[in-house]
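Hi everyone, thanks for coming. Let me put today's structure on the screen.

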Amino acid sequence: MDRSLLWRAALVQLLAVAALSLLLGLALPHSFFEDWGFLAGPGAWIACAAFTARVLDLPLAPTLTGAALAGLPSLLFVVVGLHWAGAVVAVGLFALWCARVARDPDLPAQAI
């Protein structure tokens with residue numbers, strides 16, 4: 001595991017998610033998120049993960065696989081009304097995945 005990359009992945013993903021959330025929150029009405037948040041949230045998460053992969057020069061497919069897997073536990077937080085706590089957990093899990101992918105780019109193939 002590449003610890004330096006772990007912290008960089010966490011920081012880039014956290015900043016990307018925060019920036020995109022702020023922009024979308026300012027640009028769209030609250031009702032949009034009530035109606036379409038179930039699609040917009042995961043889409044934004046994956047877009048931010050693609051950005052993180054690009055910034056950190058990580059392979060795209062394994063990084064997006066990790067983003068999808070890291071996002072699954074956050075669903076529990078959403079269900080209990082702690083959306084942003086779930087996002088923090090997802091960022092941590094995603095960063096761990098990225099740190100591992102940096103050392104082993106074939107990780108998704110081995111994990112399946």
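I'll go through the core, the cysteines and the pocket.

First, the ground rules: this is a predicted model, where local features need pLDDT of at least 70 and side-chain atom pairs count only at pLDDT 80 or more, while totals for chains, interfaces and linings use all residues. Numbering starts from 1 along each chain as its sequence is written, and side-chain values use heavy atoms, with hydrogens and water left out.

The largest nonpolar core has 21 residues, and Trp45, Leu56, Leu58, Phe94 and Cys98 touch the most other members. By nonpolar core I mean buried Ala, Val, Leu, Ile, Met, Phe, Trp, Tyr and Cys residues joined through side-chain atoms within 4.5 Å; buried is under 20% relative accessible area with a 1.4 Å probe, protein chains only.

Now, Cys98. Leaving aside residues up to four places away in sequence, Cys98 touches Leu5, Ala9, Leu58 and Thr63, contact being heavy atoms within 4.5 Å. Cys98 is buried, at 0% relative accessible area, and Cys48 is buried too, at 4%.

The search of the whole structure finds zero disulfides.

Finally, the lining of the largest pocket: 26 residues, with Gly37, Ala40, Gly41, Pro42 and His83 nearest its centre. A pocket here is an open set of points on a 1 Å grid over the protein atoms alone, where a 1.4 Å probe fits, with protein on both sides within 12 Å along at least five of seven lines; lining residues have an atom within 4 Å of a point.

Notes:
Buried means under 20% relative accessible area, exposed over 50%, partly exposed in between (1.4 Å probe, protein chains only). A disulfide is a pair of cysteine sulfur atoms within 2.5 Å.
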